[in-house]
Amino acid sequence: MAEKSYHMTPEQFRQYGRDMVDWIANYYEEIEALPVLSQVRPGEVRQKLPGAPPREAEDFGAILADIDKVILPGVTHWQSPNFFAYFPANASGPAILGDLLSSALGIQGMLWATSPACTELETHVLDWLVPMLGLPEKFLSSSLGGGVIQDTASSSSLCAMLAARERATKHSSNRRGCDGRLVAYTSNQAHSSIEKAAMVAGIGAENLRLIEVDDSFAMRPESLAKQIAQDREAGLVPFFVSATVGTTSSNALDPLPAIGTICRDNDLWFHVDAAMSGTAALCPEFRYIQNGLDLADSYTFNPHKWMFTNFDCNCFYVADRKALIDTLSILPEYLRNQATDSGEVFDYRDWHIPLGRRFRSLKLWFVIRYYGVEGLQFHVRRHIAMAQQFLEWVKQDKRFEVAAPAPLNLVCFRHRDGDKNNEELMNCLNRSGELYLTHTRLNGRFTLRFCVGQTNTTERHVEHAWKRIQRETDKLGGSK
Ligand SMILES: Cc1ncc(COP(=O)(O)O)c(C=O)c1O
């Protein structure tokens, strides 16, 4: 008699796995017909779920059936080619398969010794990205720096701030906590993750100075320099500056050379956050966005935004890995091993906050190999060209104005008749389910954002979106 077990056998896995893969392939084939923004009301998904968990094992077919009935209506389809909201979080076949393999191997790569391939593939792929993106060579593992995969840009920026804090206080903050005198700087357009980092790192949100921006929403270096001088005069300790390549609101590009020079002259850690827009540097013609990166101490960008690698996958580079490792390394006895003691290996647990880590480099490796550099460049260029075409259409329609420079794949625009009309327009479009876009406020005014970056978006989708926007605007009346 077979031993009692509730586990899925390899044969069952083979069968259900095929069903699941078929479901996913069908989903991608049919995704365009689904309303992009989920139309459920709060609580509606939970109402369809039983109050108690099943006592007896359920058939896998029943579980799969509930994906359609219960889950899909509550999904906003980030992988729809009609998704133009926020910044993208695009996925692709090779990335999904790489992630599946990572789940299947189920390794925990905290130390080199706990799965050497997890560490070495990660180091290798992050080294590949340096020339692929034209990043400074100091970020290579063969230099004093190196790269690591983290869950998000938020975590990377926090780690950068922690390393900067320890460098500035000669490791006394780790031992005794902060004394309230450290001051960090970013622009008033920077992502909220920088403020969160200041809160979590014990710097305090009030000790993060939000530097004013110019007409293009880029940080004013002269205001930064002035603020640093004032803070020094007041007996405070400036230690960290975060600049953004492609702000979330409007895709503004902070002037890295000027900011980096101020950091160098004042001995401040210079961090660069290029969460989405960093991917544009795959194409040599867009590398100008990161001019000045040679002055940076750390750099972060998200393949999980625009590089066809499903969430989560963030790349974090430092110029001086010792500064990062000395900040985050603690070695309890139970993690000691010969490889670590030899000093010949990277133990990536020392490069971020969690101990445990997934084999995330697999999906990035799959993506880079499947597309090739050429394929990635092709699709990034195409996204940018589509956004630029959309920009032209907006310019030609006198009812709209362009609200910010659009150097890459984000167009910020608004109806000339004021906030209420813009909000109404956006809500109508999103309720239609035919496309999804979101808003921001620029100079206090409600502004629509149209970002082209979903994997399967083509010219047809962008044109359809623009026509839908025009049709909805006709209904609003107002400016002709
Ligand atoms: C400029 C910028 N930085 C940081 C983030 C945060 O990214 P993550 O979700 O990876 O923490 C975003 C997200 O949109 C962003 O646009």
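**A guided tour of the chain**

Select Asn251 to begin: this residue sits in the loop that runs between strand E4 (237-244) and helix H10 (256-266). The model in the viewer is predicted. Although Asn251 is not a glycine, its phi is positive, at about 70 degrees. Is Asn251 buried or exposed? Asn251 counts as buried, because 29 C-beta neighbours lie inside 10 Å and 20 or more are required for that class.

Next, select Lys170, in the loop between helix H6 (153-169) and helix H7 (172-176). Lys170 is likewise not a glycine and has a positive phi, here of about 50 degrees. Lys170 has 9 C-beta neighbours inside 10 Å and therefore counts as exposed, the limit for that class being 12 or fewer.

Move on to Phe311 and Asp312. The peptide bond that joins these two residues is cis, with omega at about 5 degrees. Asp312 belongs to the loop between helix H11 (303-306) and strand E7 (314-318).

Now display the ligand and the residues around it. The ligand is surrounded by 14 residues, and the closest are Thr152, Ser154, His191, Thr248 and Ala275. Colour this shell by residue type: nine of its residues are polar, four are nonpolar and one is charged.

The following stop is a sheet. Select strands E8, E9, E11 and E10, which in that order form an open sheet with antiparallel pairing. Strands E8 (400-402) and E10 (438-442) stand at the edges; each has a single partner strand, so one side of each is left without a neighbour in the sheet. On average, neighbouring strands here are turned by 40 degrees against each other, direction ignored.

Within this sheet, look at E10 and strand E11 (residues 445-451). The two run antiparallel and are joined by five bridges.

Finally, show the whole chain. Its secondary structure comprises 16 helices and 11 strands. The radius of gyration is 24 Å, close to the 23 Å that the globule rule gives for 480 residues, so the chain is as compact as a globular protein of that length. The C-alpha trace spans about 80 × 60 × 45 Å along its principal axes. Of the 480 residues, 44% are buried. Among contacts with a separation of 6 or more, 74% are between residues 24 or more positions apart.

Definitions and conventions
Residues numbered from 1 in each chain as written. Predicted model: local features only at pLDDT ≥ 70, side-chain atom pairs only at ≥ 80, totals over all residues. Near = placed C-beta within 6 Å. Nonpolar A, V, L, I, M, F, W, Y, C, P; charged D, E, K, R; others polar. Pairing = 2+ DSSP bridges. Helix = DSSP H or I, 4+ residues; strand = E, 2+ residues; numbered from the N terminus. Axes fitted to C-alpha atoms, helices over the stretch in contact; angles between N-to-C directions. Rg over C-alpha atoms; globule rule 2.2 N^0.38 Å. Contact = placed C-beta atoms within 7 Å.
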